[in-house]
Amino acid sequence: MQQLRALLTVIRWDVVVEIKRRESTLNMSLFALLVLFIASYAMSDSRELLQAFGPIFYWVAIFFAGTVGLARAFLVEREGGAIHAMLVAPMDVSLYYIGKVIATWIYVMIMAGLVLLAYIVLFDFDDWSKLGRILATTACFVLVYVIVGVLLAAMTTSLRGGEVILRILLFPLMIPAVVVVYSANDGLFKTSALALESPAPFKAITVLLAMAAVYVSVCVVLFPKVVEE
Amino acid sequence: MTMESLLSIGVSIGFVVLCVLLHRIALAAHLLIGFGLVVGTLYLVCFHAPLEEVTLGTSYLIFYFHFPSAISCLTIFVIAGVVSVLQLKSGSLSHDRRASSAVEVGLLACTITLGTGMIWAEAAWGQPWVWHDPRLMTVAIMWLTYVGYLMFRAAVDNPVKRARYSAVLGVMFSINVPVVWFAIRFFGKVSHPMEIEFAEDVRTIMKTTQWFGAAAFFILYLGLWRLRYRAQTIHGELERIGETFAARKI
Amino acid sequence: MSPAFLVENLWKKYGYRNALSGIDLEISAGDCLAILGPNGAGKSTLLRVLATRSSPTSGRVSVLGQDVSKRATQLREKIGVVFHEPCLRHDLSLIQNLQFFAGLYPDCRVDERALSLIETVGLADRQHDPVRDFSRGMMQRATLVRSLLHDPSIWLLDEPFTGLDPEGQRMLETLLVEEHQGGRTIVFVSHDVDQSLRVAKRVVVIDDGELRAEGEEAVRAHFGVSGGKENV
């Protein structure tokens with residue numbers, strides 16, 4: 001019970017502070033919106049172009065903007081040295097990692113929700129029946145993203161050029177997830193007139209969850225090694 | 001179990017034993033043997049292997065350099081992953097040097113794989129690169145990940161932290177390789193098969209040349225790994241002496 | 001009764017450097033121990049090992065009779081630590097920091113006792129201000145409260161007098177004596193020989209990773225100091 005209480009404390013305070021200050025969420029969302037604005041403008045001449053290539057920019061926006069949030073995941077704890085006090089608390093270190101993953105997932109998903117709204121407006125998306133599966137696929141993609149990203153952020157926060165190194169390390173690790181969501185793009189975003197044969201989004205969700213399970217079981221074991229002295 | 005599979009297992013075990021024994025001989029001798037075997041591969045390629053393959057023509061000859069590098073880089077990255085696990089358990093800096101030097105040599109092999117692959121692709125397909133093929137993408141992503149690994153190491157000054165963090169990355173990246181492979185295999189849109197079709201009468205000599213080359217290059221890469229490990233050990237020793245002097249305020 | 005700490009042949013290596021070399025030390029429950037030594041001697045490293053923040057390279061550390069390597073998570077309930085850094089979340093106020101850290105300990109709340117501690121350290125009128133606006137001395141006072149929040153039986157402090165003004169130093173000396181009289185086991189790292197001898201019941205010296213001296217006479221002889229204020 002105490003471990004659960006500690007886990008909920010880590011999640012609650014990270015999310016509460018972020019909702020109050022909106023630092024990470026705002027920065028991420030603005031970055032993502034800029035990407036979508038530029039892409040939408042570049043393809044504004046043709047509705048077909050917008051619908052054909054829009055999904056790519058949807059994932060690109062989430063992918064790149066998410067690193068802004070990840071880079072700040074441990075900033076507060078490292079800045080004030082609070083991480084040392086947390087690591088001598090009677091809380092399993094792996095639970096601290098899980099707490100950070102859940103908290104980061106929440107506010108990256110807030111950003112993803114805003115990105116989806118912007119996508120609907122800028123890329124003329126009107127197939128409302130697909131919204132549920134788009135959100136579900138996005139949620140699973142972001143889950144894999146933060147599972148890997150939080151571990152890497154824990155290592156890179158204190159390094160010189162850490163933000164750049166984080167991106168360099170994160171992107172190759174995320175390519176399998178990108179391949180999976182990209183393969184499901186047709187089923188997720190395209191209208192029936194443009195849809196090609198593609199793996200069903202449900203298959204993509206299943207594979208993403210399997211990836212998340214693999215990565216989280218590895219990261220939970222590795223995280224104590226990252227923070228130990 | 002057939003005779004052929006028993007023979008393969010026997011040869012594989014023998015090869016592993018040979019590699020272990022090679023580690024005990026002088027480094028210069030090891031490298032000489034490696035170079036000698038690579039020259040032997042060249043001899044086989046030039047004078048024994050047939051010059052044309054059924055579908056790919058003469059362009060297939062680069063396969064005898066492409067395949068050994070590919071198999072070597074995969075094996076060496078797996079070894080780097082295993083040594084990374086050992087480093088996490090023991091905290092030993094020598095394990096860190098083994099893992100990082102393995103990654104450097106593996107990256108060399110990976111670069112050669114990509115380079116020879118692109119030359120071959122240009123000749124065989126008319127374009128140096130195609131997306132969605134599982135093998136090409138896996139090797140390209142491996143290359144990116146391990147370049148990132150080396151860049152990361154350059155950014156960490158503290159040797160103890162660098163060793164620990166690199167080991168964490170080594171484990172993560174070695175798990176990533178099969179994940180990438182399966183993701184692209186099942187979700188890649190177009191697959192460009194790359195099959196070397198051997199004519200009946202030359203199959204044996206082609207297979208022999210292929211695997212002889214693989215063994216030769218692997219032995220050479222192992223020698224390079226030892227060389228790189230030695231260089232890192234000397235560097236580490238210099239660091240230790242520097243720290244000792246600093247601690248004693250000399 | 002089990003000693004608060006039993007350290008047996010403790011070694012801690014960082015790469016090629018031995019930060020601690022074969023330390024043997026027993027700290028009885030209810031003791032008040034000061035650890036002195038020059039910069040880079042290994043004092044903070046020893047404290048971090050005792051706090052379970054850092055694990056030994058070899059050797060054995062027991063806390064209240066239990067092996068730290070097997071029961072670190074449970075033992076941390078009984079240990080309060082003041083590190084060299086303030087160890088507070090800069091995005092929160094003092095009260096919010098205490099609420100956050102209280103959530104990490106069992107049966108821990110920001111209650112009357114905590115508010116009384118805030119009063120004792122002189123931060124009652126700043127408890128709702130963001131910690132990032134605090135001075136170094138104020139952060140140190142806030143850290144004292146954070147470390148005692150869960151009423152630990154063991155209190156570890158790494159150079160706790162750093163950043164405190166003379167009034168703050170007197171406050172902390174009084175607090176250390178009171179907490180010790182209340183039954184808490186206290187171990188603190190310091191540079192001030194006389195202050196340490198005033199506050200602590202026992203003093204040891206660590207130098208170059210080894211235990212070099214114990215007791216007032218040996219400590220004074222080690223540093224070549226007599227009575228009067230002396231720092232090392």
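In chain C, strand β1 (residues 5-14) and strand β4 (residues 58-63) run antiparallel and are joined by five bridges; strands here are DSSP runs of E of at least two residues, and helices are runs of H or I of at least four, both numbered from the N terminus. Within this pairing (DSSP must find at least two bridges between two strands), Glu8(C) has Arg60(C) of β4(C) as its bridge partner. The model is predicted, with local features needing pLDDT of at least 70 and side-chain atom pairs counting only at pLDDT 80 or more, while totals for chains, interfaces and linings use all residues. Residues are numbered from 1 along each chain as its sequence is written, and chains are lettered from A and ligands numbered from 1 in the order in which they are written.

The two strands belong to an open antiparallel sheet of four, ordered β2-β1-β4-β5 in chain C. Its edges are β2 (17-27) and β5 (66-67) of chain C, each pairing on one side only.

Looking at the whole chain, eight helices and 10 strands are found in chain C. Its radius of gyration, taken over C-alpha atoms, is 17 Å, close to the 17 Å given by the globule rule for 232 residues, so chain C is as compact as a globular protein of that length; the rule is 2.2 Å times the number of residues to the power 0.38.

Turning to the neighbouring chain, 22 residues of chain A are in contact with 27 residues of chain C (C-beta atoms, placed from the backbone, within 7 Å). On the side of chain A that touches chain C, α1(A) gives the largest share, six residues.

Key. Contact = placed C-beta atoms within 7 Å.
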